[in-house]
Amino acid sequence: AVKSPLPGIIQAVRVKEGDTVKAGQCVAILEAMKMENEIGATVDGTVEKVHVNQGQNILEGDVIVTIRG
């Protein structure tokens with residue numbers, strides 16, 4: 001699971017379920033403290049589930065996407 005490192009608002013979701021991703025690839029953009037943060041995949045694999053939507057407020061530790069390696 002790729003979790004949020006800090007609370008903020010999801011500005012963009014860059015992947016969809018079924019996409020193949022590489023470790024470090026941007027999966028979402030999180031706005032926190034007036035800065036845009038790229039949230040990267042933690043492992044190579046396939047996106048199993050996207051847990052957030054654009055514009056959604058999330059907290060630190062919330063799951064953004066689940067990746068099956």
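A contact here means heavy atoms within 4.5 Å. The model treated in these exercises is predicted.

**Exercise 1. Overall form**

Task: Find what share of the contacts in the chain between residues at least 6 apart in sequence join residues at least 24 apart, and state how many helices and strands there are.

Solution. 
- Step 1. Take the contacts between residues at least 6 apart in sequence; 53% of them join residues at least 24 apart.
- Step 2. Go through the secondary structure: the chain has eight strands and zero helices. Read from the N terminus, the order of elements is β-β-β-β-β-β-β-β.
- Step 3. Turn to the dimensions. The C-alpha trace spans about 30 × 20 × 20 Å along its principal axes. The radius of gyration of the chain is 11 Å, which agrees with the value near 11 Å for a compact globule of 69 residues.
- Step 4. Of the 69 residues, 33% are buried.

**Exercise 2. The nonpolar core**

Task: Identify which residues of the largest nonpolar core touch the most other members, and where the core draws at least two residues from a strand.

Solution. 
- Step 1. The core has 16 residues, and V27, I64 and V65 are the ones that touch the most other members.
- Step 2. At least two core residues come from each of strand 4 (26-32), strand 6 (45-50) and strand 8 (63-68).
- Step 3. Setting aside neighbours within four places in sequence, V65 contacts A1, V2, V15, V27, K49, V50 and H51.

**Exercise 3. A serine in a loop**

Task: Decide whether S4 is buried or exposed, and list what surrounds S4.

Solution. 
- Step 1. Locate S4: the loop between strand 1 (2-3) and strand 2 holds this residue.
- Step 2. The relative accessible area of S4 is 3%. Buried means under 20%, so S4 is buried.
- Step 3. Apart from neighbours within four places in sequence, S4 contacts L30, I58, L59, E60, G61, D62 and I64.
- Step 4. Check the side chain of S4, which reaches the backbone oxygen of L6 at 2.4 Å.

**Exercise 4. Two positive phi angles**

Task: State what phi M33 has and what phi K34 has, then judge whether M33 is buried or exposed and whether K34 is buried or exposed.

Solution. 
- Step 1. Start from the general rule: most residues other than glycine have a negative phi.
- Step 2. M33 is not a glycine, yet its phi is positive, about 55°. K34, also not a glycine, has a positive phi of about 65°.
- Step 3. M33 is in the loop between strand 4 and strand 5, and K34 lies in the loop between strand 4 and strand 5.
- Step 4. Exposed means over 50% relative accessible area. M33, at 73%, is therefore exposed, and K34, at 81%, is exposed as well.

Notes
Residues numbered from 1 in each chain as written. Predicted model: local features only at pLDDT ≥ 70, side-chain atom pairs only at ≥ 80, totals over all residues. Heavy atoms only, no water. Core = buried A, V, L, I, M, F, W, Y, C linked by side-chain atoms within 4.5 Å. Buried < 20%, exposed > 50% of the residue type's maximum accessible area, 1.4 Å probe, protein only. Helix = DSSP H or I, 4+ residues; strand = E, 2+ residues; numbered from the N terminus. Polar contact = N/O pair within 3.5 Å; in protein donor to acceptor, adjacent residues only side chain to side chain. Rg over C-alpha atoms; globule rule 2.2 N^0.38 Å.
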